[in-house]
Amino acid sequence: MPELSQETERVRGVLPFGAAEVTGPSMAPTLLHGDQLVVQYGARIRPGDVVVLRHPFQQDLLVVKRAAERREGGWWVLGDNSFAGGDSRDYGTVPEELVLGKVRFRYRPPQRGQRSPLAAARWVWSAARPVLSGRSASRRLRAR
């Protein structure tokens, strides 16, 4: 499951926006390991939004998932990669107070070895994208 850096938690109390880094494959292809995120804390959450939340059983662990639907007792959250697990299918509904914010933007750092002009152009085209409700802009581009 994507884990976020603890620096995210320290900044959250001071500013409405913060940065986070994704580790793990559960939100692929929308978010990949190493992606940098801009998170809006306290934002209104709607079904389909990608959110940052505290893990219900390990509250010192911050994770990123998609808010699938509101249920009695909180949010049902799912990873975009159903094979990775680590979502509401494992731990049930997440209480509303554990959902911290909404992911607004992702930045994908360049990979090592991207030296050709074509590789650099591909990176520039796909490096920064808004994270949209329902699906990401990057997924829309891949589906064409």
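Reader: Which rings pair, by definition?
Author: Rings of Phe, Tyr and Trp (its six-membered ring) pair if their centres lie within 6.5 Å; planes under 30 degrees apart count as stacked, over 60 as edge-to-face and the rest as tilted. The model is predicted: local features need pLDDT of at least 70, side-chain atom pairs count only at pLDDT 80 or more, and totals for chains, interfaces and linings use all residues. Residues are numbered from 1 along each chain as its sequence is written, and side-chain values use heavy atoms, leaving out hydrogens and water.

Reader: How many aromatic pairs does the structure hold?
Author: The structure holds one aromatic pair. Its members are Phe57 and Tyr91, edge-to-face, at 6.3 Å centre to centre and with 85 degrees between the planes.

Reader: Where do Phe57 and Tyr91 lie?
Author: Phe57 is in the loop between strand 3 (50–54) and strand 4 (62–71) and Tyr91 is in helix 2 (residues 88–91), so the pair ties together parts 34 residues apart in sequence. Helices (H or I, at least four residues) and strands (E, at least two) are DSSP runs, numbered from the N terminus.

Reader: And is Tyr91 buried or exposed?
Author: Tyr91 is buried, with a relative accessible area of 9%, whereas Phe57 counts as exposed at 61%. Buried means under 20% relative accessible area, exposed over 50%, and partly exposed in between (1.4 Å probe, protein chains only).

Reader: Changing topic, which residue lies over the face of Trp76?
Author: Arg71 does, at 4.0 Å from the ring centre. Likewise, the charged end of Arg129 sits over the ring of Trp125, 5.3 Å from its centre. The criterion is NZ of Lys or CZ of Arg within 6 Å of the ring centre and within 35 degrees of the ring normal.
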